[in-house]
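Colleague: Before I use this model, I would like to know what stands behind the words used to describe it. May I ask where the labels come from?

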Amino acid sequence: VRMANASFPAYFILLGFSKWPRLEVALFWIVVVFYIMIVLSNSTIIVLSRVDSHLHTPMYFFLSNLSLLELCFTTTTMPQMLSNLWGPDKHITYTGCIIQLCVFLCAGATECILLVVMSFDRYVAVCQPLRYPIIMHWPLCWKLALSAWLSGLTESLILSPVMLQLPFCSHHRLDDFLCEVPSLIRLACGDTSSNEWQLTVSSILFTMVPVGLILTSYGYIARAMGRMQSEEGRQKAVSTCSAHLLVVFMFYGTVAMVYTDPKTEFASQNGKFFTFFYTVVTPLFNPLIYTLRNKDVKSALLRQLRKRIRP
């Protein structure tokens with residue numbers, strides 16, 4: 001019989017991939033390489049968006065917000081993940097778990113809304129090119145970015161306290177490598193139906209609704225691209241939009257699989273693999289897909305390097 005602990009636990013044990021010690025060693029070095037690349041690529045985008053006047057546009061303003069999110073997201077999870085993968089100590093303190101859960105929820109929910117904002121920006125750029133500077137003025141851009149961050153903060157402030165008051169089983173073992181809502185629900189010994197319902201509603205609001213809005217935007221974009229006279233303009237629009245859609249499906253798809261119904265057998269057995277994907281792989285793909293293959297970013301990087309090298 002699993003006993004519930006009424007008091008707050010002093011720590012949790014993150015089981016992670018401890019069943020596969022050899023896999024842990026390989027994953028440790030993969031995560032190290034990915035973390036370095038994530039920090040360098042996202043930091044590059046933030047710095048370039050600030051210092052290069054050619055990138056002072058709404059698109060790169062939103063991309064720099066996305067890069068800042070990815071840095072918050074990964075810095076909250078990856079150091080703990082590396083500690084978990086490297087040695088036998090799988091503990092995380094209760095306070096550490098609270099901080100990780102709050103920041104993780106805030107950054108994740110903010111990204112869900114920010115990707116919608118970015119799809120709206122692309123919709124205006126492709127479908128209303130002449131009115132783009134009038135519609136996407138800087139006060140609106142700041143309001144849209146702030147709305148995304150406030151949405152994430154609200155989601156975190158609502159879900160985090162509720163999840164941390166669950167009656168956790170006395171063994172305190174989380175079958176995950178970080179503190180996130182689905183694994184905390186699976187650790188609870190009492191009735192979690194209301195928590196699961198709350199999580200399902202949140203998942204719909206932050207994954208399915210945004211995906212619907214994004215697909216609607218890109219439906220209009222696809223129709224506008226079909227009417228374009230310029231072959232070069234059409235190719236540029238197709239390249240940009242296909243890259244954005246790839247990120248959308250990678251991120252929302254994996255998140256929805258873990259969060260929509262956390263107690264299903266599929267989510268219980270495979271959840272941590274999907275979590276690994278959207279905490280390690282997606283944050284690296286975002287800068288690579290969105291900008292580092294983009295001519296504007298490459299030109300900006302070369303301009304800044306020439307300025308630094310030139311005596």
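Predicted model: local features only at pLDDT ≥ 70, side-chain atom pairs only at ≥ 80, totals over all residues.

**Labels and their cut-offs**

Colleague: What makes Arg303 and Asp52 a salt bridge?

Modeller: The closest N and O atoms of Arg303 and Asp52 are 3.0 Å apart, and the rule asks for a side-chain nitrogen of Lys or Arg within 4 Å of a carboxyl oxygen of Asp or Glu, so the pair qualifies. The pair links distant parts of the chain, with Arg303 in helix 10 (residues 295-309) and Asp52 in the loop between helix 1 and helix 2, 251 residues apart; helices here are DSSP runs of H or I with at least four residues, strands are runs of E with at least two, and the numbering starts at the N terminus. Arg303, at 25% relative accessibility, counts as partly exposed.

Colleague: How many salt bridges does this rule give?

Modeller: The count comes to four salt bridges. Among them is the one in which the side chains of Lys90 and Glu24 meet at 2.8 Å, N to O. Lys90 lies in the loop between helix 2 (58-86) and strand 3 (91-93), and Glu24 in helix 1 (residues 21-51), so this pair ties together parts that are 66 residues apart in sequence. Lys90 and Glu24 are both buried. Arg122 and Asp121 also meet through their side chains in a salt bridge, at 2.9 Å from N to O, and these two residues are likewise buried.

Colleague: Why is Asp191 called exposed?

Modeller: Its relative accessibility is 64%, so Asp191 counts as exposed. Asp191 is found in the loop between helix 6 (181-187) and helix 7, and its C-alpha is 9.0 Å from that of Leu166, 25 residues apart in sequence.

Colleague: Which residues touch the most other members of the largest nonpolar core?

Modeller: Among its 86 residues, these are Phe12, Phe62 and Tyr252, a nonpolar core being a set of buried Ala, Val, Leu, Ile, Met, Phe, Trp, Tyr and Cys residues joined through side-chain atoms within 4.5 Å. Helix 3 (residues 94-127) gives the most to this core, with 15 residues. Not counting residues up to four places away in sequence, Tyr252 touches, among others, Cys112, Val116, Phe206 and Ile214, where contact means heavy atoms within 4.5 Å.

Colleague: Why does Ala145 count as buried?

Modeller: Ala145 has 4% relative accessibility, so the label buried applies. Its place is in helix 5 (residues 138-163), and beyond its neighbours within four places in sequence it is in contact with Phe61, Phe62 and Asn65.

Colleague: Why is the chain called as compact as a globular protein of its length?

Modeller: The chain comes to 10 helices and five strands. Its radius of gyration is 21 Å, close to the 19 Å that the globule rule gives for 311 residues, so the wording holds; the radius is taken over C-alpha atoms, and the rule is 2.2 Å times the number of residues to the power 0.38. Buried residues make up 49% of the chain.

Definitions and conventions
Residues numbered from 1 in each chain as written. Heavy atoms only, no water. Buried < 20%, exposed > 50% of the residue type's maximum accessible area, 1.4 Å probe, protein only.
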